[in-house]
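Hi there,

Here is the structure I promised to pass on to you.

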Amino acid sequence: MNHTGAHKINHCLGQALLAKRMGKKRLIAETRAGQHGLATATVAAKFGMECIVYMGEVDYKRQRPNVFWMESLGATVVPIKHGTRRLKDAVTAAIQDWIANVDDSYYLLGSALGPHPYPSMVRGFQSIIGLEVKEQITKYGETKPSYIIACVGGGSNSIGIFNTFLDDKEVNLIAVEAGGKGVKEIGDHASRLNNDPKIGVVEGL
Ligand SMILES: Cc1ncc(COP(=O)(O)O)c(C=O)c1O
């Protein structure tokens with residue numbers, strides 16, 4: 001319901017301030033649904049930075065309204081036409097751009113993932129969600145929720161709302177991933193960790 005990329009604006013504002021402090025002039029991002037790209041385009045416009053958003057061609061076509069909003073905010077949106085033409089190849093393109101332009105560019109990662117310190121940073125910036133829940137629930141005469149249910153893509157909104165309550169055993173934390181046609185059908189669901197997980201290299205040669 002937030003028009004600047006749902007909750008993604010939380011970690012985008014924090015990371016854009018960091019990029020500015022580091023003297024970077026250009027923000028690089030990847031996006032799938034378009035929410036993270038839209039939030040990155042918003043903060044780039046706010047801080048007067050150049051913005052380039054990589055998007056798999058399939059998502060680029062499917063999420064046309066968000067492409068329109070990103071472009072309206074001054075971002076360049078690049079559809080990736082090779083490989084799966086989805087998020088995976090958009091991430092690779094973003095990292096390649098970052099490696100080539102690291103002097104003036106900041107890679108504004110879109111969720112609680114990737115190498116340290118990205119997951120910790122995103123958790124920190126998103127933790128405002130849990131802190132606000134803790135404050136707002138007092139208006140209903142409660143001190144804490146008994147259940148918190150959050151959807152998981154990369155994990156940014158879930159860790160943001162869970163973080164405040166991680167050590168409280170009375171608060172039940174439930175994360176929900178998209179199951180598609182069932183976790184056994186590789187490629188037909190968004191759940192990455194349930195189906196015989198193995199340690200491996202995410203990005204690298
Ligand atoms: C509105 C919204 N909520 C949640 C998510 C899931 O992302 P995450 O798990 O990083 O919170 C997305 C992903 O694009 C999103 O657009």
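A polar contact here is a pair of N or O atoms within 3.5 Å. Please also keep in mind that this is a predicted model.

**The ligand**

A polar side-chain atom of Asn-157 lies 2.8 Å from an oxygen atom of the ligand. Ser-156 also brings its side chain to the ligand, with an N or O atom 2.7 Å from a ligand oxygen. At Gly-155 the backbone is involved instead: one of its polar backbone atoms is 2.6 Å from an oxygen atom of the ligand.

How much of the ligand's accessible area does the protein cover? On its own the ligand has 390 Å² of accessible area, and the protein covers 77% of that.

The shell around the ligand holds 13 residues, of which Ser-111, Gly-153, Gly-155, Ser-156 and Asn-157 come nearest. By type, the shell divides into eight polar residues, four nonpolar and one charged. Which domains supply the shell? Domain 1 (8-110) and domain 2 (121-196) each contribute at least three residues.

**Aromatic rings**

Next, the aromatic side chains. Counting ring centres within 6.5 Å of each other as a pair, the model has five aromatic pairs. One of them joins Phe-68 and Trp-69, whose ring centres are 5.2 Å apart with 70° between the planes, an edge-to-face arrangement. Phe-68 has 47% relative accessibility, so this residue counts as partly exposed. The value for Trp-69 is 49%, so Trp-69 is partly exposed as well.

Another pair is formed by Tyr-107 and Tyr-118: the centres lie 6.2 Å apart and the planes meet at 65°, so this pair is edge-to-face too. Here the link is between distant parts of the chain, with Tyr-107 in strand β4 (residues 105-107) and Tyr-118 in helix α6 (residues 118-126), eleven residues apart. Are these two tyrosines buried or exposed? Both Tyr-107 and Tyr-118 are buried. They also belong to one aromatic cluster, together with Trp-98 and Tyr-106.

**Backbone details**

The peptide bond from His-116 to Pro-117 is cis, with omega near 10°. Pro-117 sits in the loop between β4 and α6, the strand and helix that hold Tyr-107 and Tyr-118.

Which residues other than glycine have a positive phi? Among them are Ala-6, with phi of about 50°, and Arg-85, with phi near 60°. Ala-6 is in the segment before α1. Arg-85 is found in the loop between β3 (76-80) and α5 (87-100). The relative accessible area of Arg-85 is 31%, which is why this residue counts as partly exposed.

Gly-5, like Ala-6, belongs to the segment before α1, and that helix spans residues 8-21. Gly-5 has a relative accessible area of 0%, so this glycine is buried. Its C-alpha atom is separated by 9.6 Å from that of Ala-33, a residue 28 positions away along the chain.

That covers what I found. Happy to talk any of this through once you have had a look.

Best wishes

Methods. Residues numbered from 1 in each chain as written. Predicted model: local features only at pLDDT ≥ 70, side-chain atom pairs only at ≥ 80, totals over all residues. Heavy atoms only, no water. Phe/Tyr/Trp six-rings, centres within 6.5 Å; stacked < 30°, edge-to-face > 60°. Buried < 20%, exposed > 50% of the residue type's maximum accessible area, 1.4 Å probe, protein only. Helix = DSSP H or I, 4+ residues; strand = E, 2+ residues; numbered from the N terminus. Near = heavy atom within 4 Å. Polar contact = N/O pair within 3.5 Å; in protein donor to acceptor, adjacent residues only side chain to side chain. Areas by Shrake-Rupley, 256 points an atom, 1.4 Å probe, with all protein chains shown as cover. Nonpolar A, V, L, I, M, F, W, Y, C, P; charged D, E, K, R; others polar. Domains from an automatic or database assignment.
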